[in-house]
Amino acid sequence: KLILLDSLLQENTNMINSKTFRALSKLKQVGEVQKRSIFGMFEGWFHAAFNKVDEERIREVGVDRAAAEWILRCGGGIKWQNSSKFLRDYNSLPAGNFRKLKITEIDGTDSAIMEESFSLLQDLELLSKITFYNNKYLTDDSMGFLCSYTKDRLKYLKLGKNGQITDKGVLYIRVLKELEYLHLDSLPGVQDPKNVLSELRSALPGCIIQYPPHTDEPTPAA
């Protein structure tokens with residue numbers, strides 16, 4: 001009888017321990033989800049703050065310098081006129097000569113750039129190249145602003161790895177009449193890529209368009 005009682009007690013103890021372990025595991029999973037949610041909220045808040053337009057700063061140092069600070073602050077890179085290398089370190093921005101330095105190229109790959117500061121693009125007189133690859137904050141509306149502000153001078157655009165941009169956003173590119181090269185890829189939000197490609201080719205007959213796997217045009221030299 002004593003052996004049977006010990007056996008029953010052991011089974012009940014194991015059952016309680018198993019239930020407790022499962023309950024603790026669920027609490028841990030909930031905690032991880034909440035932690036990720038809180039982190040995402042703060043991350044989004046910080047990124048929005050980084051993208052805020054500072055009118056006073058623009059008046060102080062000029063639009064090209066203010067735009068460079070914005071882009072580097074968000075994790076992107078810029079090329080100055082007559083420079084062959086991208087500047088990506090915010091702390092390496094020159095201490096002076098603010099208004100003489102002009103941006104010619106922007107690389108926003110993997111950055112937290114948002115459309116809130118796209119208005120700065122319209123006054124970057126020498127800007128001719130933009131790459132936006134793997135930018136989670138860019139949407140169809142972002143593309144509308146981008147194309148509106150750069151339509152008179154952008155010659156090179158690379159856009160890819162974005163799930164929020166749809167056919168509507170890509171078709172805004174039709175207004176970029178100075179565009180010479182366009183690269184698109186990994187845009188799962190685009191539902192009819194063949195139609196988008198046809199529309200772009202019709203609107204931009206002088207532009208090389210690469211949209212794998214739907215095209216086979218060569219990539220031009222950087």
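Modeller: Let us start with a term. A polar contact is a pair of N or O atoms within 3.5 Å; within protein, one must be able to donate a hydrogen and the other to accept it. Keep in mind that this is a predicted model.

Biologist: Which backbone nitrogen does the side chain of D89 reach?

Modeller: The backbone nitrogen of N91, at 3.0 Å. That falls within the 3.5 Å cut-off. D89 itself lies in the loop between β1 and β2.

Biologist: Is D89 buried, partly exposed or exposed?

Modeller: Buried means under 20% relative accessible area, and exposed means over 50%. D89 has 38%, so it counts as partly exposed. Its C-alpha atom is 9.9 Å from that of I78, a residue eleven places away along the chain.

Biologist: L93 is in that loop too. How accessible is L93?

Modeller: L93 is found in the loop between β1 and β2. Its relative accessible area is 10%, so L93 is buried.

Biologist: Which residues does L93 touch, leaving aside neighbours within four places in sequence?

Modeller: R65, A68, E69, L72, W80 and L87 are in contact with L93. Take E69 as one case. E69 and L93 are 24 residues apart in sequence, yet their C-alpha atoms are 8.0 Å apart in space.

Biologist: What share of contacts in the whole chain join residues at least 24 apart?

Modeller: Count the contacts between residues at least 6 apart in sequence: 68% of them join residues at least 24 apart.

Biologist: Now the overall layout. How many helices and strands are there?

Modeller: The chain has six helices and six strands. Along the sequence they follow the pattern α-α-α-β-β-β-α-β-α-β-α-β.

Biologist: How do the strands line up in the sheet?

Modeller: The general idea comes first. Strands of a sheet pair through backbone hydrogen bonds, either parallel or antiparallel. Here six strands form an open sheet, in the order β1-β2-β3-β4-β5-β6, with mixed pairing. β1 (77-80) and β6 (208-210) are the edge strands; each has a single partner, so one side of each lacks a neighbour in the sheet. From one strand to the next, the twist averages 10°.

Biologist: How many bridges join β5 to β6?

Modeller: Three bridges join them, and the two strands run parallel. Strand β5 covers residues 181-185. H183 stands opposite Q210 in β6.

Biologist: Let us turn to helix α4. Which of its residues are buried?

Modeller: Helix α4 spans residues 140-150, and its buried residues are D140, S142, M143, G144, L146, C147 and T150. Their cover includes β3 (129-133), β4 (156-160) and α5 (167-171).

Biologist: What does a side-chain oxygen of T139 reach at the start of α4?

Modeller: It comes to within 3.3 Å of the backbone nitrogen of D141.

Biologist: How many disulfides does the structure hold?

Modeller: A disulfide is a covalent bond between the sulfur atoms of two cysteines. This structure holds zero. Two cysteines are still worth a look. C147 is buried, at 1% relative accessible area, and C207 is buried too, at 10%.

Definitions and conventions: Residues are numbered from 1 along each chain as its sequence is written. This is a predicted model: local features need pLDDT of at least 70, side-chain atom pairs count only at pLDDT 80 or more; totals for chains, interfaces and linings use all residues. Side-chain values use heavy atoms; hydrogens and water are left out. Two strands pair if DSSP finds at least two bridges between them. Helices (H or I, at least four residues) and strands (E, at least two) are DSSP runs, numbered from the N terminus. Axes are lines fitted to C-alpha atoms, for helices over the stretch in contact, and angles run from 0 to 180 degrees between N-to-C directions. A disulfide is a pair of cysteine sulfur atoms within 2.5 Å. Buried means under 20% relative accessible area, exposed over 50%, partly exposed in between (1.4 Å probe, protein chains only). Contact means heavy atoms within 4.5 Å.
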